[in-house]
Amino acid sequence: MTTVPTTKIFKENLFTGKVLLCSGGGSGICRAMTEAMVQHGATAVIFSRSKDKLEKAAKEMALKTGGEVFPVAGDVRNPKDVERVVEIAVEKYGRLDYLINGAAGNFLAAFDHLSYNAFKTVIEIDLLGTFNLTKAAAPHLKKSKGAIINVSATLHYTGTPFQQHAGAAKAAIDALTKHWAVELGPHGVRVNGIAPGPIKDTVGMEKLGPAFEHSVVPLQRMGDVQDVAQSTVFLFSEGASYITGIVLVVDGMSIFIMFCSGDH
Ligand code: COA
């Protein structure tokens with residue numbers, strides 16, 4: 001039986017003096033990714049739309065870790081908002097070392113029920129949001145010789161039903177991971193992806209859960225946010241200093257056997 005990793009795997013203070021910016025860092029998987037970085041010494045700026053939720057998450061994370069987490073509300077779809085959050089992070093903390101592109105929107109919808117605007121909305125949040133924030137952050141990441149993690153998914157590996165909008169966005173994000181690894185590598189910036197499979201107790205699973213009821217996981221348990229958090233610490237650590245352009249799949253090798261009929 002496999003176990004969920006604890007937070008004591010890596011050296012404490014691994015990221016002391018370093019600054020992380022995480023979109024979507026106020027909840028779910030990205031919150032756990034952020035918290036793990038702060039637990040290892042980083043200071044974090046979290047960015048997403050809901051000001052109240054962000055402020056509460058920042059306070060809770062700071063209390064739990066003893067570190068600093070600063071909330072900035074805004075929309076990854078809006079270039080002015082992403083420029084503002086990067087400016088705030090750099091003005092407040094003097095540098096930017098790590099970026100996690102995690103903000104995402106999703107719902108189950110069959111092709112016949114997916115409107116033009118619904119498809120566009122998810123592409124804009126996931127894909128354009130990832131581009132926008134990276135575009136704004138890149139000059140500072142080049143300065144610090146930092147690193148990026150793009151959060152994608154495994155949906156597009158098999159053409160998961162009712163998930164074409166998210167799958168298309170995540171496939172394109174995986175492509176950006178490789179393109180940016182090539183273009184930013186010469187500047188000392190590593191760019192990797194993490195593709196989580198079904199992770200329990202997250203908004204994603206709440207929304208998509210019913211479709212994954214028939215999944216088979218060889219490791220015999222659902223993913224936990226800590227599985228993704230520890231992978232994040234590894235990919236940002238010096239242990240991964242020769243790793244760029246990969247998408248690390250964190251899914252226990254889940255095999256989706258999805259219920260493909262119904263009225264989503
Ligand atoms: N099924 C089909 N279409 C849906 C839908 C659903 N469950 N939910 C929203 N849409 C459509 C809307 O009808 C609208 O299209 P229309 O104008 O043709 O009617 C379009 O998507 C945009 O919806 P809207 O609510 O205006 O967008 P938003 O920007 O406020 O919200 C969402 C974006 C829809 C992705 C919203 O679910 C969200 O913000 N989620 C964030 C959290 C999240 O989903 N996390 C999951 C991580 S896996």
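Biologist: How many helices and strands does the protein have?
Modeller: Both kinds of element are present in this predicted model. The count is eight helices and seven strands.

Biologist: Why does the radius of gyration agree with a compact globule?
Modeller: The protein has 264 residues. A compact globule with 264 residues would have a radius of gyration near 18 Å. The value for the protein agrees with that, because it is 17 Å.

Biologist: What share of the residues in the protein is buried?
Modeller: A residue counts as buried when its relative accessible area is under 20%. Of the 264 residues, the buried share is 52%.

Biologist: What is the distance from an oxygen atom of the ligand to an N or O atom in the side chain of K207?
Modeller: A polar contact needs N or O atoms within 3.5 Å. For N117, a side-chain N or O atom is 2.8 Å from a ligand oxygen atom. For R77, a polar side-chain atom lies 3.0 Å from a ligand oxygen atom. For K207, the distance is 2.6 Å.

Biologist: How much of the area of the ligand does the protein bury?
Modeller: Taken alone, the ligand exposes 930 Å². The protein buries part of that area, and the share is 55%.

Note on methods: Residues numbered from 1 in each chain as written. Predicted model: local features only at pLDDT ≥ 70, side-chain atom pairs only at ≥ 80, totals over all residues. Heavy atoms only, no water. Polar contact = N/O pair within 3.5 Å; in protein donor to acceptor, adjacent residues only side chain to side chain. Areas by Shrake-Rupley, 256 points an atom, 1.4 Å probe, with all protein chains shown as cover. Helix = DSSP H or I, 4+ residues; strand = E, 2+ residues; numbered from the N terminus. Rg over C-alpha atoms; globule rule 2.2 N^0.38 Å. Buried < 20%, exposed > 50% of the residue type's maximum accessible area, 1.4 Å probe, protein only.
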